[in-house]
Amino acid sequence: MGNAQEKPPGSGAGGGRSDQATGGSGTRSRGGGYMEKPQTPGASEKGVANGRQNSPAGGQEEQGSPAVDTSYLDAPAGALPPHLARLKNEGNHLFKHGQFGDALEKYTQAIDGCAEAGVDSSEDLCILYSNRAACYLKDGSSTDCIQDCTKALELQPYSLKPLLRRAMAYESLERYRKAYVDFKTVLQIDTGVQAAHDSVHRITKMLIEQDGPGWREKLPEIPVVPLSVQQQHRDKPVSAEVAQARAARAAQEEARRKEASYTLLKREGNDLVKKGQFQEAQQKYSECLTIKPEECALYTNRAICFLKLNLFEEAKQDCDSALQLEPGNKKAFYRRALAHKGLQDYLSASSDLQEVLQLDPNVREAEQELEVVTVLLRQSLLDNTAHTPRV
């Protein structure tokens, strides 16, 4: 087992549940990498630094500083005795903040302490080896990572996180066949591990290039995970952290699905407009609006359909909605003017057309329509005057 060198802070270990304590909460979750960054001394001796101030006589006055919450160190950690639990929790804390070399030392002390204290909890030892393997993996010590993962799997066969980390270490060493086997084993336990799916796809390409069409024949045997192990994994309670991550992934997937559906529906609506199938087109735009109710263009597009179907009040309402979203939208003003014209409200139509020309004097259609509406407005006023009885 090699000693990992400490590197600059980076990201935490990937995948699975964690058995790490959250800072100050006293709760724990199962899996790699969950810790708080410790406070490090390093105050300057000159002037004011980190709550210390030089006195006029050259001495230093202590000023009050906020107490550092270290209650996470006392969080329970399986069957480990308190002094070993503290080492593990401190390792988790360091790992979360990218201090992988320091975290590795804490896990090593905890592992050695288990031997000295006669701790024989296979689950706790498995987690310690798996967590230390995560440190090795982050520090690029893939061989040491594989050794610790193998020890963890001897203690707890088919444990998900050691399998996943060992697979990653094998891949980093270009031992693609062994990596493929471990990733496939992971997916037997939990089909929802996206990293394993992506890696299998990537490694398959590498193996085809490396071994040709008969690449499968050169693979080591892929173990069959017992159904009892699969069921046990499904029945394990999910930590809040894992549940939150799953919910985020589900939300992202739903957003992608909605975006794809929206793009398809809008394209279909546009194509139907070009074909003159306005009733079908407005239905497509209506479906789009259930996905993106704040999309201004959908209202102006559907307004075209309503105008073509002589549904002027509906067209006006859609233009009103568009103008609430984009008060300077020329298309909305122009199409609302056409709706007002269809409703024989020529004064409102004239007002909207003038608004269009004020926004863009070069809209020829608006100029032509304004001339038509002006004539209709004048005629309407004359008709009203003619039908108004004289007193």
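**Figure 1. Packing of helix H3 against helix H4 in the predicted model.** Helix axes are lines fitted to C-alpha atoms over the stretch in contact, and the angle between two axes runs from 0 to 180 degrees between their N-to-C directions. In this predicted model, the axes of helix H3 (residues 122-138) and helix H4 (residues 142-155) come within 8 Å and cross at roughly 165°. Because angles over 145 degrees count as roughly antiparallel, H3 is described as roughly antiparallel to H4, and the crossing in which H3 passes H4 is left-handed. Among the residues that make the contact are Leu125, Tyr129, Ala133 and Leu137 of H3, together with Cys145, Cys149, Ala152 and Leu155 of H4.

**Figure 2. The aromatic pair of Phe95 and Phe100.** This is one of two aromatic pairs in the structure. The ring centres of Phe95 and Phe100 lie 5.1 Å apart and the ring planes stand at 65°, so the pair is edge-to-face; both Phe95 and Phe100 are buried.

**Figure 3. The aromatic pair of Tyr180 and Trp215.** Here the ring centres are 5.4 Å apart and the planes stand at 85°, so this pair, too, is edge-to-face. The pair links distant parts of the chain, since Tyr180 belongs to helix H6 (residues 176-189), whereas Trp215 lies in the loop between helix H7 (194-211) and helix H8 (227-235), 35 residues apart. Tyr180 is buried, with a relative accessible area of 3%, and Trp215 is buried as well, with a relative accessible area of 6%.

**Figure 4. Lys292 over the ring of Tyr262.** In this view, the charged end of Lys292 sits over the ring of Tyr262, at 4.3 Å from the centre of that ring.

Definitions and conventions:
Residues numbered from 1 in each chain as written. Predicted model: local features only at pLDDT ≥ 70, side-chain atom pairs only at ≥ 80, totals over all residues. Heavy atoms only, no water. Phe/Tyr/Trp six-rings, centres within 6.5 Å; stacked < 30°, edge-to-face > 60°. Buried < 20%, exposed > 50% of the residue type's maximum accessible area, 1.4 Å probe, protein only. Helix = DSSP H or I, 4+ residues; strand = E, 2+ residues; numbered from the N terminus. Lys NZ or Arg CZ within 6 Å of the ring centre and 35° of its normal. Parallel < 35°, antiparallel > 145°, perpendicular 65-115°, else oblique. Left-handed = near helix turned anticlockwise from the far one by under 90°. Contact = heavy atoms within 4.5 Å.
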